[in-house]
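Thanks for coming. I will take one structure and go through it part by part, with the cut-offs given as they come up.

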Amino acid sequence: MSNLTKLNVLMCGTGEYTTGWTGSGASTSDKKIGVVGLTMFDLRRLGKVGNLGMVGVNGSKFPAIREHLQDKIGNAYKDMDTSFEEFPKQGKVDPEAYKEAINKLSPGDAVIVFTPDSTHFPICMYAIERGLHVLVTKPATQLLSHHNELIAAAKKQGVVCFVEHHKRFDPVYSDAKARAATLGEFNFFNAWMSQPKSQLETFRAWAGKDSDISYYLSSHHIDICCWILQDKAVPTRVVASAATGIATSEPYNCVPQTEDTITLLVDWQSLKSPKHKGTAVYTASWTAPLKSGVHSAQHWYYMGEKGDINVDQAHRGYDITVDDTGKTWYNPFYMKYSPSETGHFDGQRGYGYTSIETFIDASREVNAGTAKSSDYDGHGYPTIANTVLTTAILNAGRISLDEKRPVGIKKSGDEWILE
Ligand SMILES: NC(=O)c1ccc[n+]([C@@H]2O[C@H](COP(=O)([O-])OP(=O)(O)OC[C@H]3O[C@@H](n4cnc5c(N)ncnc54)[C@H](O)[C@@H]3O)[C@@H](O)[C@H]2O)c1
């Protein structure tokens, strides 16, 4: 690995997930200092990453972002350089600054996209067409047709394109996947994921307009279910239902079409046994109670022919109670922010970190000619090709809500389509 060249990386989006900085200041969620920026600075310290850039829309935010990163990362960990090249420059406002930033890169460099859901497709396509490796956050795209286009473009260019489904790197989930494989035919899956109502204030700019809570949260467990069932069963039909009334009322006052809680009911067909069919229920909510002690409640249940699996990812037997704030369940297995005994960043084993590092390693291997981008499709990684059914289910769910009807999913030639 040490002979591989360093990867130059452009981070697209300068928001909560990249920097921990939100429009209203430092994030108060569980991502106070972000995930992508911190991981990139650490991988640069460790010699895997070369030049770093960051592109947003409003260049005037960069002084505050730099100060925040220096304060929370540069001053918190030893040997951590938080510098990067910014776009748009000189405080300009430009929603297409990503093009200028991408044009400055060379084929074989990489782009990590954490921007609003509706912008993923144009940014990823622009980068892939220029021979760049791409890591895009979930949901990869909102439309299945766009997902299919990204698969084809990445294949044509021979670049690595992963969707940042970090839960595939959680040791509990990957262990559960291996155990599910021993339980015979799939029968039933039920997932719940929620965030407190206060998130409606954080998400007010796009909630109900640009995306919905199913795309935002159910994408995680739909992907895990698709991963567990890859090559075993396929989804055939989606019916969606939504609870409403909280997001659109005081004090949140989101736009009238905003749902509170979305449930997708999905039929699955076994690929080996025509008589075995399964049912999955994926529910996500952003109107869960405040002060529940976790930022994201998240649990799921899997039942197969010969047994079942229960995962409660929010409560892992580690809780802390403080007089002022009460009881909180932390998850350092995702991002460990406390420093090592030597004062360095110590979260390299967190699945939030390894998910991004795996993409960096894959891109460097492909650049060195020691792997082909298509190799990663065979490894169960969240490549753009391996995640197509996740987008198919999410897109079908949105159509089902909008058109109040069941939506079919089927294969036409090599491509998955909705009907
Ligand atoms: N916050 C989280 O916990 C989290 C977790 C996983 C995935 N995500 C995903 O990451 C994406 C962004 O989420 P976030 O919470 O960081 O959002 P955010 O609102 O905090 O940040 C979005 C960023 O995207 C930038 N942006 C918007 N349009 C752009 C464009 N045309 N070009 C370049 N930059 C542009 C904005 O300037 C802003 O910096 C979403 O798709 C979300 O689903 C977020």
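The largest share of the shell around the ligand comes from helix α1 (residues 16-19), which gives 3 residues. Helices here are DSSP runs of H or I with at least four residues, strands are runs of E with at least two, and both are numbered from the N terminus. In total, 22 residues surround the ligand, and the closest are Gly13, Gly15, Glu16, Tyr17 and Gly56. A residue is near a molecule or strand when its C-beta atom, placed from the backbone, lies within 6 Å of it. By type, the shell around the ligand divides into 9 nonpolar, 9 polar and 4 charged residues.

Two notes on the source. This is a predicted model, where local features need pLDDT of at least 70 and side-chain atom pairs count only at pLDDT 80 or more, while totals for chains, interfaces and linings use all residues. Numbering starts from 1 along each chain as its sequence is written.

Next, the domains. The domain assignment gives domain 1 (7-167 + 348-383) and domain 2 (171-332 + 389-418); such bounds come from an automatic or database domain assignment. Taken over C-alpha atoms, the centres of domain 1 and domain 2 are separated by 24 Å. The contact between them takes 20 residues from domain 1 and 21 residues from domain 2. Contact means C-beta atoms, placed from the backbone, within 7 Å. On the side of domain 1 that touches domain 2, helix α6 (residues 144-157) gives the most, with 3 residues. That side of domain 1 divides into 6 nonpolar, 10 polar and 4 charged residues.

Which residues have the most contacts inside the largest nonpolar core? They are Cys12, Val111, Ile112 and Val134, in a core of 118 residues. Helix α9 (residues 213-228) supplies the largest share of this core, 10 residues. Domain 1 and domain 2 each contribute at least three residues to this core. The term nonpolar core means a set of buried Ala, Val, Leu, Ile, Met, Phe, Trp, Tyr and Cys residues joined through C-beta atoms within 7 Å. A residue is buried with 20 or more other C-beta atoms within 10 Å of its own, exposed with 12 or fewer, and partly exposed in between, the C-beta atoms being placed from the backbone. Leaving aside neighbours within four places in sequence, Val111 is in contact with Leu10, Cys12, Ile102, Ala127, Leu132 and Val134.

Helix α2 (residues 36-45) has 9 of its 10 residues buried, so this helix is largely enclosed by the rest of the structure. Among the buried ones are Asp42 and Arg44. The buried residues of α2 pack against β1 (7-12), α1, β4 (49-55), α3 (62-74), β6 (110-113) and α10 (351-368). Just after α2, Gly47 takes a positive phi of about 90°.

On to the strands. Strand β12 (residues 277-288) is mostly covered, with 9 of its 12 residues buried. Strand β9 (residues 186-196) pairs with β12 in the parallel sense over 8 bridges, and Ala191 stands opposite Tyr282 in β12. Pairing requires that DSSP finds at least two bridges between the strands. Strand β11 (residues 261-270) runs antiparallel to β12, joined by 9 bridges. β11 and β12 form a hairpin with 6 residues between them.

There is another hairpin, from β15 to β16 through 3 residues. Strand β15 (residues 319-322) and strand β16 (residues 326-329) pair in the antiparallel sense over 4 bridges. Asp319 and Trp329 are 10 residues apart along the chain, yet their C-alpha atoms are separated by 4.4 Å.

Last, backbone geometry. The peptide bond from Lys138 to Pro139 is cis, with omega near -15°, and Pro139 is found in the loop between β7 (133-136) and α6. The bond from Glu250 to Pro251 is also cis, with omega near -5°.

Terms used: Two residues are in contact if their C-beta atoms, placed from the backbone, lie within 7 Å. Ala, Val, Leu, Ile, Met, Phe, Trp, Tyr, Cys and Pro count as nonpolar, Asp, Glu, Lys and Arg as charged, and the others, Gly among them, as polar.
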